[in-house]
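Me: I'm new to this one and would like to go through some of its charged pairs. Can you take me through them?

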Amino acid sequence: MLHIQNITLPETGRVIVISDIHGDLQLFQTLLKKVHYTTDDTLIINGDLCERGPDSLGVIRFARKLVEENGNAYITEGNCDRLIHHAFDHDPTFFDHLERNPHSIMNEWLQEHGRTNADFDSVTDLANFYRSNCGEEIDWLFSLPTALEADRYLFIHAGIDNIKDWQETSHRSATALPHFYTRKHQCAKTVVVGHWPVVNYRAETVTCHNPIIDRDKRMICIDGGNQVRFDGQLNALIIERHPRGDQFSYTYADHFHQFATIRKAYTAPADFIGTLNYPNYEVKLLVAGKYFSLCENVNLGLKQWLKNDYLVKKLGALFADNDVSASGLTVAKNDQVAVINDKCAGYTLVKKDGAVGWVPKECL
């Protein structure tokens, strides 16, 4: 049975939902300022405070203080918030995880106490250290509810199983279910999730990190790929509560602060759309071009125009060397865009209103 906390949302006012902060305290605080968050709002942090970003400890301590000082703030657990359990389970790969993930709350706890994983002979010794020195914060993370249930909404990090008694969803599905939006569910309420970057659902549309709001499917997906995608963002879903029906809007914050003005309008070709996402990096060359090449994604069978600068050969096969937009971005004269990558030949990767794509350099 999931740990489900029932909450009461106000009949009027704002509910602000943020997920997948991933240790990015600076961006989290920036986003709260951008939405003009006050304690009159209801704030829901829908999992994954930790890992990947540079300050997981800062995030959990700041978020915990918000909850303690505001009775209208709530947090659900995400899969990244409980990774410490691998130490307590004596997982032999735990040291490997610390080595591969320097930006991890487990490493931050060690650093705060002047230690490194090299100071410990076994996972058991390391687990004992965590329990003795960080046990209070670990217990707090483990105490977080798996889901928040309200009158019209279920807030849960990853999703629920497609079963009538959705409360019987496994803990693994609740915190780590992949691509929930491609599935169905039998909860009568709108299910709000993070976990899976929304751009992963847009392999055949223009690359975009904005939330997906689907009233028909009773799903809202809000993970903007912050600290996961190099062009990602931290999203805030804003629910304006009203007895006659709630209204949805959103905004975001990201780390791109170099802006440019469009000097010449550009209309992207109709077939210049899509996104290449992990782990589907292997492609087959169909048509080589000067700046972009038409490729077929080996795993997905999709045909996409990929920037030549991102294509590499490995062991006789062709791969994209990173997640990358396969979209042109239609822009109008005098549009303001954020510059993502201006180092490639012929085209610049830019971002506007959460959408990411390529425009010819002469347009900027």
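Me: What do the side chains of R131 and D139 meet in?
Reply: They meet in a salt bridge, at 3.0 Å from N to O, the term standing for a side-chain nitrogen of Lys or Arg within 4 Å of a carboxyl oxygen of Asp or Glu. This is a predicted model, where local features need pLDDT of at least 70 and side-chain atom pairs count only at pLDDT 80 or more, while totals for chains, interfaces and linings use all residues. Residues are numbered from 1 along each chain as its sequence is written, and side-chain values use heavy atoms, with hydrogens and water left out.

Me: Why does R131 count as partly exposed?
Reply: Because its relative accessibility is 38%, and partly exposed lies between buried, under 20% relative accessible area, and exposed, over 50% (1.4 Å probe, protein chains only). D139 also counts as partly exposed, at 41%.

Me: How many salt bridges does the structure hold?
Reply: It holds 18, and one of them joins R14 to D41, with the closest N and O atoms 2.9 Å apart. That pair links distant parts of the chain, 27 residues apart, since R14 is in strand β2 (residues 13-18) and D41 in the loop between α1 (25-34) and β3 (42-46); helices (H or I, at least four residues) and strands (E, at least two) are DSSP runs, numbered from the N terminus.

Me: Are R14 and D41 buried or exposed?
Reply: Both R14 and D41 are buried.

Me: Which residues are linked in a network of salt bridges?
Reply: D151, R152, R241 and D246 are linked in that way.
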